[in-house]
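I'm going to look up a few spots and jot down what I find.

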Amino acid sequence: MPCRYGSWAMITAHTKKQYDRNAKKYHKKDGMTDDEYLSRMNRDDRFTPVITVVVYYGDNPCDGATTLHGMRDIPDKMKPFVNDYKMLLVEARQNDLIFHNMTNIAFFDMLKVVLDKSITKNEAKEKVIEYALEHNVDKTVVMTVAGATNRKIDYNALSKKGDVTMCTLFDEIEKEGMIKGKAEGIVETAIDLGLAKDDILQRLQTKLDVSLQKAQEYFEMFGTQTV
C-alpha cells in the first residue's frame, strides 16, 4: 500500500463500520433516552479497539504522514487542543520487528532482499531464490512477496515446489498484473465511449485473448469502479 492518505481512510473506516453495525440495533426508542436514540448509541455500548498496521513495500523510505497532526496545517498554539492519532507503520525494506512464526520471518526476510538497493536486481533475485529453497518457503509466501513488490524473478535453475516452479510462479503473477492493467484501461475507455456491456466483453475477449468468463470477471472488477 502506498504510504499516503489511503492508509488513514482505512483506519477511519474500521471504526465507522462498527458504529454502523451498532446503530442498526436501534430502530425504536424503547429504553433509550432522547440523546441515545438520536446518536444511535446506548450509554453502555462500546467499540472493539482496532489496531491497524500499515506495511509499506516501497523501495524508498516512506515520506507520508504517520500522524493526524502531520496531515494537518495546525498552528503550534492549537496543537494541544487537536486530537492526534499515530499510524503503526512497518517499512518492509528496513524494520526491527521480531517474529516467532516462521512464515512471517521468511516473508519479511525475502522482502528485505528484494527491496535492498545496495545490491543489483540480479543479485537480489539470486538471494531470494537461494533463501526460498534453503528454507523450504511455502509457495503462498513466495506469491505474496512477488505480488507485494510487483517483481519478476526469472532464473534458469528451476526447482520444483509442488506442481509449480518458483520461476513459473513469479512469471504468472507478473503476467496477471499486466493483463489486469490492460483490462482496466479497456473497460474505462469503452465506458467513456458509451459502449454496451456485451460490446465491452467482446472487446476484452478479443484484445486480451481471454474467455468470456474471464472477461466478465474483469468487467465486474473494473466496470463498477468506473460507473
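This is a predicted model: local features need pLDDT of at least 70, side-chain atom pairs count only at pLDDT 80 or more; totals for chains, interfaces and linings use all residues.

Before I start: a residue is buried under 20% relative accessible area, exposed over 50%, and partly exposed in between.

**Entry 1: Glu126.** I looked up Glu126 and found it in helix 5, which covers residues 121–134. Is Glu126 buried or exposed? Its relative accessibility is 56%, so Glu126 counts as exposed. I then checked the surface around it and found a patch of negative charge, where Glu126 gathers with Glu123, Glu130 and Glu134.

**Entry 2: the nonpolar core.** Next I went inside. The largest nonpolar core has 16 residues, and the ones touching the most other members are Phe107, Phe108, Met110, Leu111, Tyr131, Val137 and Val145. Which helices each supply at least two residues of this core? I noted helix 4 (102–114), helix 5 and helix 6 (139–149). Helix 4 gives the most, with 6 residues.

Entry 3: Arg40 sits in the loop between helix 2 (34–39) and strand 1 (53–56). With 27% relative accessibility, Arg40 counts as partly exposed.

Where is Asp209 found? I traced it to the loop between helix 8 (197–208) and helix 9 (212–226). Asp209 has a relative accessible area of 70%, so I marked it as exposed.

Technical notes:
Residues are numbered from 1 along each chain as its sequence is written. Side-chain values use heavy atoms; hydrogens and water are left out. Patches are made of residues with over 30% relative accessible area and no salt bridge: like charges are joined within 9 Å, nonpolar side chains (Val, Leu, Ile, Met, Phe, Trp, Tyr) within 5 Å. Accessible areas come from the Shrake-Rupley method with a 1.4 Å probe; for residues, only the protein chains shown count as cover. A salt bridge is a side-chain nitrogen of Lys or Arg within 4 Å of a carboxyl oxygen of Asp or Glu. Lys and Arg count as positive and Asp and Glu as negative; His and the chain ends are not counted. The place of a charge is taken as NZ of Lys, CZ of Arg, CG of Asp or CD of Glu. Helices (H or I, at least four residues) and strands (E, at least two) are DSSP runs, numbered from the N terminus. Buried means under 20% relative accessible area, exposed over 50%, partly exposed in between (1.4 Å probe, protein chains only). A nonpolar core is a set of buried Ala, Val, Leu, Ile, Met, Phe, Trp, Tyr and Cys residues joined through side-chain atoms within 4.5 Å.
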